[in-house]
Amino acid sequence: MPLIVRSPNYYPNPLPVIRQSEATLNAISRSHNAPNQQPITKTPRLQAQGLSLSYAGKTVSADISMGVEEGKFSVIIGPNGCGKSTLLRGLCNLLPPSAGQVLLDGHDIERLPPRKLAQEIGLLPQSAQAPPGITVVDLVARGRYPHQGPFRQQSAEDERIVSMAMDAAGVADLAHHDVEALSGGQRQRVWIALVLAQETPILLLDEPTTYLDIAHQLELLSLLRQLNRERGRTIVAVLHDLNQACRYADHLVVMIAGKIVAEGTPKALMTPDLLQQVFGLDGIIIDDPISHTPMIVPR
Amino acid sequence: MTTAPNIILRWRGWSLLLARRALWLNIILFGLLVIGSTTALMLGRLPIGPQEIWQVITGNAPSRAVEHVLTDIRLPRLLVTIGAGAALGASGAVFQTISRNPLGSPDVIGFTAGAATGALIWIIGFGGTGANVVLAAMAGALLTGVGVYLLARKDGRVSAYRLVLTGIGVGAVLHAVNALLLVKGDLDVAISANLWLAGSVDGRDWGHVWPLWLGLIALMGPMLLGMRPLGMMEMGDDLAGPLGVPVERVRRWMLLGALILAALATSATGPIAFVALAAPQLARRLGRAPTQPLIGATLFGACLMLGADLLTRIAPFDLTMPIGQVTGIIGGVYLIWLLAGNRLRNGPT
């Protein structure tokens, strides 16, 4: 099949906004991005200020300052081991900062009561274990934990929200099945239902499409976009598939070696230069014929 | 679908979630405990019937002898038996939840050995007896527990895996120390130390009952509250943390509570094998509970201990054994059954 587009300079819209003449990647500054994109209407509720994160005394991310775009679907991309997951863990205080701070509405999240924080920010981690013998509905109901208490264990509202979350994640039919007996894809959707039941305005997802086949991946991303558009939830996801990231994200955050090196809309950001410098990938960018978002074609 | 697995009690803003099957199991266990306790009070050289027990309870003892035997000998023994079993069961439920491992019980991961070391040092090194041994065992268990916790800590958090491995390592060292103490000690003292090591509820008096039961009553409430967040942690710290569970704090306090319970039980009776291991597993499996049921494990622990005690007392051919050995034998059989059962159901693992 002949390639329709050969030129890396082809764009459906005149877009290459980021100036990439600087020699070092660190110089790709966020200040350069997308002057023509829609103005940010809301100030970010969740902000990192000079955030440094480390494991076992080894710094993974140093001095990150960013604001999570309010009401947007943001996607963090970057090569393996660049600190994407670590940043998500830092943003919900699962990994307390070694320096700097994360602010929610101006308050240091380290000082917020854990339950209060969990009512605002939810995280779907990469690894989660279902307790043996638990049913889907019981597991999803655990997402209500931050809204419950020792003597407020399951209200009628909790039940309503749990069944809505199961509906949204497409696991309502499995409600009384044993989680252990489900397929990997079904199980992943159960975990999604759990964080949906948590009903947080801000939702962080660490590679939520792992274990899903391509159809379910797209279904999940559509669900997330729907939550974002219809319920106004702020979503931040780590994704590996760049084309999916471009297709679904309002806002891309690009990380290398623990640093954010670029931020902006997919159209503004995705250039062959960026591919080369961030992923060491030689490729071209074409217009996705369906969604009209950037589409990466490796050479 | 049959009946709903959960019963939900609601009143105004309050709600309680009760697992139907576990509730029935607990009621049955409680019934067994009442029957077993009555039997335990009746058994012995002086035959006492249920009617006489009732008379003593209501303050119309038929004779001084009956009252003395009941309130000063059989009742303390019964309460130590039940209390130690309950404490071990509860402790085991917490340890198994924290370590996410059905083998993670205080006796397997070295705390019981620590209690024994404390007691042995006191008995052999200082010729101690009686209530002091209880304190020494308590100190030994607590020191071991804190030591294992600190050794297993890395980057301010304790992983389940490290906790179990560190506990096994420390336990092995302490077992060796215990053996050394027995060999080095004076023969008479070593024999009395060995008796303590066998685990027994013989000749326990109110001095043994009080610390055990006060500890149980004081700790069970907070630990019941802590069991909910701890159950959340079974899904992994990465999920429990963002769901609002202060993971490390819950783990630390629950570990401390479980440790104190195990230490109280061990100091009152000597090392009792397998109750802490088996009770939570039995309660969980029979109650089909998705998380370790603390009340179920507590009741099961008490029942197992009481059952073992009754067995030692009604065993034929004068086959009287210390209760610690009986629970060891029962527990060993249980463990083999558990593993074989798993293998039969799931194929070889």
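Figure 1. In chain B, 72% of the contacts with a separation of 6 or more come from residues 24 or more positions apart (a contact means C-beta atoms, placed from the backbone, within 7 Å). This is a predicted model: local features need pLDDT of at least 70, side-chain atom pairs count only at pLDDT 80 or more, and totals for chains, interfaces and linings use all residues. Residues are numbered from 1 along each chain as its sequence is written, while chains are lettered from A and ligands numbered from 1 in the order in which they are written. Chain B holds 13 helices and 4 strands (DSSP runs numbered from the N terminus: H or I, at least four residues, for helices; E, at least two, for strands). Of its 349 residues, 49% are buried (20 or more other C-beta atoms, placed from the backbone, within 10 Å of the residue's own).

**Figure 2. A look at helix α1 of chain B.** This helix covers residues 20–42 and reaches 34 Å from first C-alpha to last, close to the 33 Å expected at 1.5 Å a residue (that is, 1.5 Å times one less than its number of residues). Its buried residues include A22(B), L25(B), G36(B) and L41(B). Among the elements covering the buried residues of α1(B) are β2 (14–19), α3 (64–99) and α12 (294–314) of chain B. After α1(B) comes G44(B), with a positive phi near 145°.

**Figure 3. Where chain A meets chain B.** The contact takes 31 residues from chain A and 25 residues from chain B. On the chain A side, α2(A) gives the most, with 4 residues.

Note on methods. Two residues are in contact if their C-beta atoms, placed from the backbone, lie within 7 Å. A residue is buried if 20 or more other C-beta atoms lie within 10 Å of its own, exposed if 12 or fewer, and partly exposed in between; C-beta atoms are placed from the backbone.
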